[in-house]
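Dear colleague,

Please find below the structure that I am passing on to you, together with its sequence. My notes on selected parts of the fold follow after it.

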Amino acid sequence: RFMDFSQSVRQGMWQITVGDLSAEGDRLALAGPLGKDAFARLRGSEGFENFLCQVKTTPPVGGASAIYLRYRDSGSFVRIRTTAERVTVQEKNGSSLNTIFQYALPQDRPSGPVAYDICVKGNRLLLAVDGKTVSTYPIPLTADTSRGSFALGSFIEEAAATEPAVFADLTLTTFPARWISAPTIGDVPLTEARTLTAVVLPADTLKADPLRDAAALITAAINGVSVVLDLSGSDPAVVE
């Protein structure tokens, strides 16, 4: 749902580990102490697994803002880091911090906040930046970052930088894992694909029209829908 930032701060909905969090009208400002990094986690979001998120962020000059997805602790999270030049998706597993996707912001883009449209489901991340889908296929995630909290961060990369990271227009919508059965891949309701986790198909479903089915499979994959074949009752030759 849409979050009223002034109310969220007043009602103590954020656990502020480092720094200061303040509401400025319909925006949220997160600043670290004496120009250091800052972090705030949304209370009650510890079990987030599949969810949609829309948010706008303005990184501090000389620093970066961060949107954390499925933050369990300092050793397990997915985050989207934003600077004035680049969007970086990182995944942390134990001591290893891996960059799994990067997108250079266009040099001619209008000044202002970077707008995100995010979908996290299963082991996939779908990402749009400023209304543009920036990855043709969903960004793969590991099983280790399967669930966790939603959080915000602010990073200072230049010692003289003192501005906060700013966030606005945040909506969060969670949805359960959803599997459906379909007689063919062409019967999958792709209009509902954004919140669809997987589809189960009969074992022989891909034989009738290979070209059509290949196109439908690609469309499902682009939307982060896993396709599973039901091989129950099939003899070994059919399985092979």
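Strand 7 and strand 8 form a hairpin, with three residues between them. Please bear in mind that this is a predicted model. Strand 7 covers residues 76-82, and seven bridges join it to strand 8 in an antiparallel arrangement.

Strand 8 itself, which comprises residues 86-93, is mostly covered, as seven of its eight residues are buried.

**Arg-41**

Is Arg-41 buried or exposed? Residues under 20% relative accessible area are classed as buried, and Arg-41, at 19% relative accessibility, therefore counts as buried. This arginine belongs to strand 4, which spans residues 38-42.

Leaving aside residues up to four places away in sequence, Arg-41 touches Met-13, Trp-14 and Gln-15, then Tyr-71 and Arg-72, and finally Ser-149, Phe-150 and Ala-151. As a further point of reference, Thr-174 is 133 residues from Arg-41 along the chain, and the C-alpha atoms of the two are separated by 16 Å.

**Helix 2**

Helix 2 consists of 13 residues, 210-222. From its first C-alpha to its last it reaches 18 Å, close to the 18 Å expected at 1.5 Å a residue.

Which residues of helix 2 are buried? They are Asp-213, Ala-216 and Ala-220. Seen down the axis of helix 2, the buried residues fall within an arc of 65°, so they line one face of the helix. What these buried residues pack against is strand 18, residues 226-230.

With kind regards

Notes: Residues numbered from 1 in each chain as written. Predicted model: local features only at pLDDT ≥ 70, side-chain atom pairs only at ≥ 80, totals over all residues. Heavy atoms only, no water. Helix = DSSP H or I, 4+ residues; strand = E, 2+ residues; numbered from the N terminus. Expected span 1.5 Å × (residues − 1). Buried < 20%, exposed > 50% of the residue type's maximum accessible area, 1.4 Å probe, protein only. Arc of directions from axis to C-beta. Contact = heavy atoms within 4.5 Å. Pairing = 2+ DSSP bridges.
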